[in-house]
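This text leads a new reader through one protein chain, from its overall make-up to the contacts between its parts. Please keep the sequence and the structure in view while reading.

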Amino acid sequence: MEQLYSITEVAKAFGLSVSALRYYEDCGLIAPAARRGRVRQYDRAALERLALVQLWHVDGMIPLAGTAAVMASEQAGERKALLAAQRDGMTARARRLERAAAVLTHMLDCHRDRPLDCPVTHAHIDARVDAALAGEELADDFLPPATGTGTG
């Protein structure tokens, strides 16, 4: 007979709370192999499925809904399309974070007492106001490419 593991044992082994495992079950991500009384029991196949959930959700940083979609995909092409969409969204967020870090670094390095006294910041603010008044989207990266994180 295959060994079964209680929900408490699985939670501890995988670094999760029992409530997280119950939530994963509610989402259809995992299913217990059996119940002994009121205690959920998991077999090796369920543990492998849980490890896949962690691969996509924890390691791949895919939200649970996306994880469920990836796990439900039966064709490699469909799964790759879902994963590519997740990766592309993550890459776009990473670019926004890099830009935000550059803005904050510039503001920290700037020696001016007031932000608008900084020529780089002032130029950006002027461009932002002009774009807003013209109904256009501002399309710049705050810092000129040659400037990097200059000190303004």
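Axes here are lines fitted to C-alpha atoms, for helices over the stretch in contact, and angles run from 0 to 180 degrees between N-to-C directions. Two packed helices are described by the angle between their axes and the distance between the axes. The structure shown is a predicted model.

We begin with the chain as a whole. The protein chain holds 6 helices and 3 strands. Read from the N terminus, the order of its elements is β-α-α-β-β-α-α-α-α. The radius of gyration of the protein chain is 25 Å, whereas the globule rule gives 15 Å for 152 residues, so the chain is more spread out than a compact globule. The C-alpha trace spans about 75 × 35 × 25 Å along its principal axes.

The strands come next. Strands of a sheet pair through backbone hydrogen bonds, either parallel or antiparallel. In this model the 3 strands make an open sheet with antiparallel pairing, in the order β1-β3-β2. The edge strands are β1 (5-6) and β2 (34-36), each of which pairs on one side only. Strand β3 (residues 39-42) is joined to β1 by 2 bridges, and these two strands run antiparallel. Tyr5 stands opposite Tyr42 in β3, and the bridge partner of Ser6 in β3 is Gln41.

Arg36 has Val39 of β3 as its bridge partner. β2 and β3 form a hairpin with 2 residues between them, and Gly37 in the turn has a positive phi of about 70°.

Now to the helices. Helix α1 (residues 7-14) packs with helix α2 (residues 18-26) at an angle of about 105°, and their axes are 9 Å apart. Angles of 65 to 115 degrees count as roughly perpendicular, and that makes α1 roughly perpendicular to α2. From α1, the residues Ile7, Thr8, Val10 and Ala11 make the contact, and from α2 Val18, Leu21 and Arg22 do. By class, this contact of α1 with α2 has 5 nonpolar, 1 polar and 1 charged residues.

A further pair is formed by helix α4 (residues 64-72) and helix α5 (residues 76-109), which pack at an angle of about 155° with their axes 8 Å apart. Angles over 145 degrees count as roughly antiparallel, and α4 and α5 are therefore roughly antiparallel to each other. Their crossing is left-handed. In this contact, Gly66, Ala69 and Val70 in α4 meet Arg79, Leu82, Leu83 and Gln86 in α5. The residues of the contact of α4 with α5 divide into 4 nonpolar, 2 polar and 1 charged.

Helix α5 also packs with helix α6 (residues 119-134), at an angle of about 130° and with their axes 11 Å apart.

Key: Residues numbered from 1 in each chain as written. Predicted model: local features only at pLDDT ≥ 70, side-chain atom pairs only at ≥ 80, totals over all residues. Heavy atoms only, no water. Helix = DSSP H or I, 4+ residues; strand = E, 2+ residues; numbered from the N terminus. Parallel < 35°, antiparallel > 145°, perpendicular 65-115°, else oblique. Left-handed = near helix turned anticlockwise from the far one by under 90°. Contact = heavy atoms within 4.5 Å. Nonpolar A, V, L, I, M, F, W, Y, C, P; charged D, E, K, R; others polar. Pairing = 2+ DSSP bridges. Rg over C-alpha atoms; globule rule 2.2 N^0.38 Å.
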